[in-house]
Amino acid sequence: MVTDAGDMLLLDRQLCFRLYAASRAIQRQYRPILDRMGITYPQYLVLLALWQWEAEAPDTPRSIKDLGNRLTLDSGTMTPLIRRMEASGLVMKSAGETDARVWSVMLTMKGRALKAEATAVPETVTCMAGAQPLLADLPALMQQLDRLLVVLAEAE
């Protein structure tokens, strides 16, 4: 029970801090693996989305805006991210056919080929993190985080 309003300002009582710290710790686990692949964590997330979309609808360009929405990233983050991925040959972007202001992005052969190397990433990270005992709880944790994301999105 909170006895003082100041208790609510304790760092250890902040959900936002725990989520932030956990996210940074997870990204640190990914870094050495992704470094060997020549990509950053945000680039990995872009590739995951594009690989999934390509499996669902091959050779269908997706708008950068749709990609940003899927990854919950704004255009100020997406534009330089896609630019760097294009420069490294992972994706190609093009102006939309019906509206030149709407940019689309597709995987290149290099971006597609990286998928084979990436298949081992999730298991490698899980083993490296020593998180094996937590795996049984992972579906419940992901479900709770999904609910939290919905609540937060509705509050915006």
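**Close-up 1. Helices at the second largest pocket.** In this predicted model, α3 and α4 (75–87) each supply at least two residues of the lining of the second largest pocket. The largest share of that lining comes from α3, which gives four residues.

**Close-up 2. Centre and make-up of the second largest pocket.** The volume of the second largest pocket is about 200 Å³, and 13 residues line this space, of which I64, K65, S75, M78 and T79 lie nearest its centre. By residue class, the lining of the second largest pocket divides into five nonpolar, five polar and three charged residues.

**Close-up 3. Centre of the largest pocket.** The largest pocket holds about 2100 Å³ of space. Its lining is made up of 40 residues, and those closest to the centre of the largest pocket are S23, I26, Y41, M142 and L145.

**Close-up 4. Helices around the largest pocket.** At least two residues of the lining of the largest pocket are supplied by each of α1 (15–37), α2 (41–56), α3 (64–71), α6 (121–128) and α7 (138–155). Among these helices, α1 gives the most to the lining of the largest pocket, with 12 residues.

**Close-up 5. Residue classes in the lining of the largest pocket.** The residues that line the largest pocket divide into 29 nonpolar, eight polar and three charged.

Note on methods. Residues numbered from 1 in each chain as written. Predicted model: local features only at pLDDT ≥ 70, side-chain atom pairs only at ≥ 80, totals over all residues. Heavy atoms only, no water. 1 Å grid on protein atoms, 1.4 Å probe; cavity = no way out; pocket = protein on both sides within 12 Å on 5 of 7 lines; lining within 4 Å. Points joined across faces, edges and corners; volume = space filled by probe spheres on them. Nonpolar A, V, L, I, M, F, W, Y, C, P; charged D, E, K, R; others polar.
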